[in-house]
Amino acid sequence: MTSTYGHEPTDPTGDVHETVGAYALGILDDAEATAFEAHLATCVACARQLEEFAGMEPMLAALADLPPERGAPHIGAALAARPSPRLAETLVDEVARKRTSKRRRGMYLVAAAAALIIGGPLTVMAVTDDGSTGTVADPHPTSPAQDAFFHHMPDKVHATDATTKVTATIGMEEKAWGTHTALELKNVKGPLKCSLIAVGKNGERETVTTWAVPKWGYGIKDSPHESATYPLYVHGGAAFERDQIDHFEVETLDGKRLVEVNA
């Protein structure tokens, strides 16, 4: 028995795979559906494609419940009739196109999320219906620490240690409670556990923030590990007022100084 598409559901030549759309739309008769289900039990490709069409039945059911406009027949009556083969093919093609478009946009969102995770600069890309892309936003900081460092802290100091070669740039922002501080750290290798210390002119020491450095490090130019090429950005606060800070120290939790930056 031929299907609505004119293919044998059990045809081993490959045409049977096209029946999945008609099956998803519910337009096969009982015999055709049974034959296709037998094929579906052994065909991973058809099972995967059928999953792509999941959700159409609830959508059509929801449309069927909509009240008709004045002078128009109830949509449920239209849906109760079996669509023609031509209409069925059109529906299947349209759903497949929409699914493909959504997957393509999804991959761009995944790429954007990956950029957020590794802390690198992100240029937002828009994907149009025809699949073309375009830049819709300039690179923007991707974490609260980066946002504070680049947009709220014009007061910055930096230094590079002659021995460790670690470079630290520290931004500061005056607050009623003290000093908001953001650190950009480069050329540091791990694994390490570190802290940023604010040292007052009176000799007092306050821990601004602590963090861990993975073994591949941060801010290492030409590193084979892609995420290691980006600097580390962390922020925290000190009770010192801005003019009470003498310098900052980046050190490991066991006391090894990586770099000192005069305030």
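Predicted model: local features only at pLDDT ≥ 70, side-chain atom pairs only at ≥ 80, totals over all residues.

Reader: What is the order of the strands in the open sheet?

Author: The four strands follow the order β3-β4-β5-β8, and their pairing is antiparallel.

Reader: What makes β3 and β8 edge strands?

Author: Strand β3 (155-160) and strand β8 (232-238) each pair on one side only. From one strand to the next, the twist averages 20°.

Reader: Which helix packs on the sheet?

Author: Helix α7 (residues 144-151) does, touching β3, β4, β5 (178-186) and β8. The direction of α7 makes about 80° with that of β8.

Reader: Why is T169 called buried?

Author: A residue is buried when its relative accessible area is under 20%. The value for T169 is 13%, and therefore T169 counts as buried. This residue is found in strand β4 (residues 167-175). Not counting residues up to four places away in sequence, T169 touches F149, K156, V157, H158, A182, L183 and E184.

Reader: How do you know that the buried residues of α2 lie on the same side?

Author: In helix α2 (residues 30-40), the buried residues are E32, A33, F36, H39 and L40. They cover an arc of only 120° around the axis, which means that they are on the same side of α2. On the other side of α2, D30, T34 and A38 are exposed.

Reader: Which residues touch the most other members of the largest nonpolar core?

Author: That core has 26 residues, and those touching the most other members are I170, L183, L185, L196, W211 and V250. At least two residues of this core come from each of β3, β4, β5, β6 (192-200), β7 (205-213), β8, β9 (245-252) and β10 (257-262).

Reader: What is V250 in contact with?

Author: Leaving aside neighbours within four places in sequence, the contacts of V250 include L183, L185, L196 and W211. Among the others are A168, S195 and K256.

Reader: Which residues does the second core include?

Author: The second core is separate and has 10 residues, among them V16, A22, A33 and C46. A33 is also one of the buried residues in α2.

Notes
Residues numbered from 1 in each chain as written. Heavy atoms only, no water. Buried < 20%, exposed > 50% of the residue type's maximum accessible area, 1.4 Å probe, protein only. Contact = heavy atoms within 4.5 Å. Arc of directions from axis to C-beta. Pairing = 2+ DSSP bridges. Axes fitted to C-alpha atoms, helices over the stretch in contact; angles between N-to-C directions. Core = buried A, V, L, I, M, F, W, Y, C linked by side-chain atoms within 4.5 Å.
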